[in-house]
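Subject: Structure for you to look at

Hello,

Here is the structure I said I would pass on. My notes on what was found follow below it.

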Amino acid sequence: MQKISVLLFLAWVCFLFYAGIALFTSGFLLTRLELTNHSSCQEPPGPGSLPWGSQGKPGACWMASRFSRLVLVLIDALRFDFAQPQPSHSPGEPPVSLPFLGKLNCLQRILEIQPHHARLYQSKADPPTTTMQRLKALTTGSLPTFIDAGSNFASHAIVEDNLIKQLASAGRRVVFMGDDTWKDLFPGAFSQAFFFPSFNVRDLHTVDNGILEHLYPTMDSGEWDMLIAHFLGVDHCGHKYGPHHPEMAKKLSQMDQVIQGLVERLENDTLLVVIGDHGMTMTGDHGGDSELEISAALFLYSPKALFPGAPPEVSRFLHTYSAAAQDLQVKELHRLQTLFNKASADYQRLLQRPQGPEAALQTVITELQQFLRGVRAMCIQSWARFSLGRMAGGAALMAAACFLCLLVSQWATSPGFCFRPLLTLMACGLAGTIVCAGLLTTTGLKLDPVVLGAMAAAGSLLPFLWKAWAGWGSRRPLVALLPIPGPVLLFLLIRFAAFFSDSFVVAEARATPFLLGSLILLLIAQLHWEGKLLPPKLLTIPRLCFSASTGPPRHNGTHALGLGVGLLLCIRLAGLFHRCPEETPACHSSPWLSPLASMVGGRAKNLWYGACVGALVALLAAVRLWLRRYSNLKSPEPSVLFVRWGLPLMALGTAAYWALASGADEAPPRLRALVAGASVVLPRAVAGLAASGLMLLLWRPVTVLVKATTGAPRTRTVLTPFSGPPTSRADLDYVVPQIYRHMQEEFRGRLERTKSQGPLTVAACHLGSVYSAAMVTALTLLAFPLLLLHAERISLVFLLLFLQSFLLLHLLAAGIPITTPGPFTVPWQAVSAWALMATQTFYSMGHQPVFPAIHWHAAFVGFPEGHGSSTWLPALLVGANTFASHLLFAVGCPLLLLWPFLCENQGPRKRWQPLGRNEAEARVRPEEEEEPLMEMRLRDAPHHFNAALLQLSLKYLFVLGIQILACALAASILRRHLMVWKVFAPKFIFEAMGFIVSSVGLFLGIALVMRVDGAVSSWFRQLVLAQQR
Amino acid sequence: MKDTDIKRLLYTHLLCIFSIILSIFIPSFFLENFSILETHLTWLCICSVFVTAVNLLLYLVVKPNASSKRSSLSYKVTRFLKCCIYFLMSCFFFHVIFVLYGAPLIELVLETFLFAVILSTFTTVPCLCLLGPNIKAWLRVFSRNGVTSIWENSLQITTISSFIGTWLGAFPIPLDWERPWQVWPISCTLGATFGYVAGLVISPLWIYWNRKQLTYKNH
C-alpha cells in the first residue's frame, strides 16, 4: 500500500511539472498566423493599371510571361562555393584540391561562353535552414518561423498562397520528381509526380537515380509547363560524409552532368533555374544561421537572353495581415505605409515620364528596397508572439511544484512521517478540481486541454500550499525552509543563474564538468574538514588493531582523494568527446564523434574498432566483476543466467554490427545481401535480447543463492576480538548489534536443537546486495541498446559513464552516515552531483541542445531502409539516442540510497583478514562467513525505506525542476534577446524533453526497486512456509 | 591572545599587500611596455618572487612559531631543501588539478604552470613558512577546530580565500564581453590575487571581531 502511495504521489508530482511545462510551452512557442488569401489575375497588386500592360495577352496574368516554360532544379544543400567558378590557377601555385570545389564545370563554361544568357547569384537563406522551411519560404515568399522547424519530418500542406498552387490554378502543368516532402506540402497540385523517400539520410542514390530515370523522358515528352527536380544526394552526402569527403566530388560531378544534359535539351522559350535551398557547415549539417549554412547558389540560364524587373505585392500582404492579426506594431506599420505610398507615387510619376532622369529611378529603387527591408525586420520581430499570461502561469506552476518537492522531501526525513495525509491532501485537491472541471464542461465552456490540465494541477496543489502556510507561521522558522546545506545551495544557485546567460548556456558543456569537479573536491574537503577521513597511511603510526576497529565512520584519506582524482580524470577524459556549439568558431569538435564508416584510413579504423570492442568488453567485465564481488552470479535464477550468457551475446552482436556498419561499403558484392540482412537483424536482436533480459529481471528479480543444508546448527561467532574498550559512539553502534545478534542466534540454535535433531538451515548468500544487483543489471541491459544507437566510439564514453558513476557512488557513500533504524536520508550533495553528472554525460556523448546537432542517423539503426510512413518509431530511436544519459542516470538514481549500505561490506571484510580466524569461525564454511546486513537494513524498516525512496526521488525532481524552471524563466524574461531562438528556446525544449525522460526513468527505477522488494518479501514467505512443512 | 598579536598580524598582512602593489608598479620603471595584461607572464614571475620574498622576510623577522627545537645548520639546510621540494611538488600538483579541471593539456603549458606557481606562492609558501614541511600539521590546520594560534587562523583564511578567488576567476571566461583579461589563465590569476588580498584584509578583521570567541588550545 505504501509503495503504491509513493508511486502515486510521484506520478502526481510529475503531472504537476508536465502541466506547468505544457502551459508555458503553449504560451511561448507560438506559430505565425497563416493567411489563406490567394491572389488572382483579376486583382492587380497596386492602384492603377500595370505598366507592362499585359492584361490582354493570352496566358498572361499581371504581366506578360517572358518564358513559357520553366525547369527548376533544386539541389538540396548546394552551397554557393560549390557552384562558384574556380579561377584557373597560375602554373606556379599548386591547385586547391578540396573535393567540393570546381566540380560544377558546366556552369562555369556557360557563364564564360554565354554571359548574357546565364547568371550565378549567391542567395541568402533565412534560418532555420531546414529543407521544409526553405521549401515553404521559396514557394510562398514568406519567412519561415522557428516552430515550423520542429515539424520537419511531419510536414503539412501549405495553406498560404504559393507558387505551385497559382500555377496549377492557371492551368499550367507542373511535373515534380524527387524529395517526397513536396507531397505533403502540395498535395494534389502536380499533374504528374515521382516521389522518392527523403528521410533516409544515409542513402545517397535512391532519390537522384529515381529522378534521372524520369527526367529526360519527361522532358522530351513535352507534357509540362514547369518541371521541378529536387535532388537530395548532395545533402545526404554532406550528412553522411561531410563536404570534405571524396564522395562529395562524385556527387557534384553527377549533378554537373545532369545540368549539362538539361542545358542541351532546353528549348528557346524555357528558363532553367538551378538553386540550392540552403548551405551546409564544415561537418555537413544545416539548420542554423551560420554563414556557410545560409549561403546557397542560384543559377539562371536560358537560350534567350535574361532581363531585370520587380513588382510590389508586399504592401497588400502587409495590409491584409495587419487587418487579420493586429500583432504588428502600429507605428512601424504607419511608417512603412507612408514610405510605400511615397515610393509608389514616385513610381507612377516616373512611368508618366519614361525619359526621366536616371537619379529618379534610383530613388524609387532605394525607397522600395528600404520598404522591403523594413517589412522584413518588422515581421521577424513580431512573428514570435508570446502569451505572457500562459508563460507566467506555467512558470508559477513549475515553481510551486519545486517548492512542493522541497517541502515534502523535508517532511519525509522527519521520523514521524506518514503517507496518509499526503494522499488525502492530493486526493482532495484532485477531486475538487475534477468536480470543478465537470461543472465547467456542463456549462458548455470549451477549454484547451492544456489549460484544463494546468487548472487541475494548480487546484490539487492548493491544499498542500495551504497546509504549508498553516504549518509555517507557527513552528517553522524561515531557515528551516531551506534544508539544503550552504555550499550545495550555492552550487544550485550558480547552476540556476547560468541558464540566464547565453554565453553560459553555450558553454555549458565546459561549465558542467567544472561545477561537478568543484563539487567533488568540495565533498572531499568537507569530509576532511569534519574529520571523517583518516590521515594518509604514511603519516600514521602503525597501530593495526586500533585503526582496524574504528572502521565504519572514518575512511582512508588517500582512498577518498584517489576516488576524487579518478573522478576528475574520468570527467576530463569524457570531455574529450565534446561537440562544439556553432557559436564558437574557434573551437574544434572532437573527431571521435563521427562514425567509423566515415574514416578514410584503414589501419586507424581497425585500431579504433579494436578500442571500441575493448571498451565493450571492459564494460561487460566490470559489471560481471562487480556482480561476482557481491556474489550475485552464483544463483541458478534465470536472470542471473541471462547476465552470464545473454550479456556476452549482446556484446558480440554489437561488435559484429559495428564491424558491418563501419565496413559495409567495402564488402564484396556477393556478400552485399548478407551484410544488408545482418545490419537489419543484429541491432534488433540486441534490442530484443535486452528487452527479454529486462523481462526476466522483472519476473525473477531476486538473485540469491539458496543453500539448504541439513547438519549441525551453526553457531556464528561474530564478535570482533576485544581490542580495548569501545572508544567512540561509532564503536558502540557497531558492537552492540553484534552482541545482540550473537545472543539471538545462540538462543535460536538452542531452541532448534530441542525441537528436532536435524534442523534445516537455510543459508541465503548475498541477500545484502539484492537491490543494487538488480539495479546494476537493469542499467547494463539498458545501456547496450542505447550504446548501439550511438556512433561506435561513444562506447568509450559509456564505459567512462559507468566508471565515474561507480567512483562517485563510492565517494558519496563515504560521506553518508548509515542511520541504522531511523529515517534514511540521501544528502543533497549526492543528488546534485548525480544530476550534474547526467548533464555532463549528455554533452560528452556528443550532443548539444540545438536542433542541427541531433543525431538523426540513430533512426536508421536496425532500419537501414527507413521507416515508411510511421514517425513514432524513428522519433523514439532519436529520442533514446539524445536522452540516453538522462535515462540511465534517472533509472540508476535509487543507487544513491542503496550504495552506502553496500559499502558497509568493505569495513568488516578488511577487518577479518589480518586478525585470522579463531576456532569458532574455522568451523564455518567460507560462503557462510559473517555477512553484514547491508541492504537488508532497509528491509528491516520498510516504512523508512519507502519514505527514503520518496524523498530521494523528490530531491532529484527538485534539482531537475529548478533547471527547467530556470530555462523557462530565462526564455520568458529574455524573449526579446538576440539569442532567444538560437540559444534559449532550444535549450528550454531540450531541457523539457530531458525532464520528461528523466522523470519517467526515475519512476521506472523506483518501481524496479519496489518490485525487487516485493519479490524478496514473497521469497521470505516461501522460505518460512517451506520450513514449516 | 593579545591585541598586540593582532596588530602584528595586521602589519605583516599590510606589508604583503604592499608587496603585491609594488610588483605592479616597480617593474614599469625597468621594463618597457610592462603591463599586467600584456606582459602577464612577466608580472606573474615578479609578483611570485615579491610575495615569496616578503613572506620569508616576515618569517625571519616575526618568527610566529619560535619553538624550533634543533638549530644545527645541516637541519636548517635539509629543511630548506625540503621546503623547495614541497613547493615544486605543489606547483605540479596544482598544474595537474588545473588540467583535470579543463585547462588545455598541450597548448599554453607555460601559462598554466606559471598560474600554478603563483597559486602555490599564495597558498603553499605561507604554509611552508609557518608550519614547515610537515603535511600532518597542514592537515591539522585545515580541519575543524584544528588551529592553535591566530597565525594559523589567518593562514587558513588567506589560503581558502585564495582558492575561492581562483575558482571565481574562472567564471568570466565563457562570457562574450571580449575583454583582454578573459583569456585563460589571466582571469584566474587575477582572481587568485584578489582572493589572496581579500584574505589578507579580512583575516585580521575577522580575528579581531571574534577575539572573544576564539580560544586556542596548545598542542
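Please keep in mind that this is a predicted model.

Helix packing

Helix α28 (residues 770-789) of chain A packs against helix α32 (residues 884-891) of chain A, with the axes 10 Å apart and at an angle of about 170°. An angle over 145 degrees counts as roughly antiparallel, so α28(A) is roughly antiparallel to α32(A). On the α28(A) side the contact is made by M775(A), L779(A), L782(A), A783(A) and L786(A), and on the α32(A) side by A884(A), L887(A), L888(A) and V891(A). By class, this contact has nine nonpolar residues, with no polar and no charged ones.

The contact of α37(A) with α38(A) has 19 nonpolar, six polar and three charged residues.

Aromatic pairs

Over all chains, the structure holds 43 aromatic pairs. One of them is formed by F491(A) and W167(B), whose ring centres are 5.8 Å apart and whose planes stand at 55°, so the pair is tilted. F491(A) lies in helix α19 (residues 486-498) of chain A and W167(B) lies in helix α7 of chain B, so this pair joins two chains.

Cavities

How many cavities of 30 Å³ or more are there? The count comes to eight. The largest cavity holds about 280 Å³ of space. It is lined by 18 residues, and those closest to its centre are H13(B), N55(B), P126(B), L130(B) and W151(B). Which elements give two or more residues to this lining? They are α1 (3-25), α3 (40-62), α5 (109-131), α7 (150-169) and α8 (186-209), in chain B. By class, the lining of the largest cavity has 13 nonpolar and five polar residues, and no charged ones.

Backbone details in chain B

The peptide bond from W184(B) to P185(B) is cis, with omega near -5°. P185(B) sits in the loop between α7 and α8 of chain B, and both of these helices give residues to the lining of the largest cavity.

The other detail is N33(B), a residue other than glycine with a positive phi, near 60°. N33(B) is in the loop between α2 (27-30) and α3 of chain B.

Regards

Conventions
Residues numbered from 1 in each chain as written. Chains lettered and ligands numbered in written order. Predicted model: local features only at pLDDT ≥ 70, side-chain atom pairs only at ≥ 80, totals over all residues. Heavy atoms only, no water. 1 Å grid on protein atoms, 1.4 Å probe; cavity = no way out; pocket = protein on both sides within 12 Å on 5 of 7 lines; lining within 4 Å. Points joined across faces, edges and corners; volume = space filled by probe spheres on them. Helix = DSSP H or I, 4+ residues; strand = E, 2+ residues; numbered from the N terminus. Nonpolar A, V, L, I, M, F, W, Y, C, P; charged D, E, K, R; others polar. Axes fitted to C-alpha atoms, helices over the stretch in contact; angles between N-to-C directions. Parallel < 35°, antiparallel > 145°, perpendicular 65-115°, else oblique. Contact = heavy atoms within 4.5 Å. Phe/Tyr/Trp six-rings, centres within 6.5 Å; stacked < 30°, edge-to-face > 60°.
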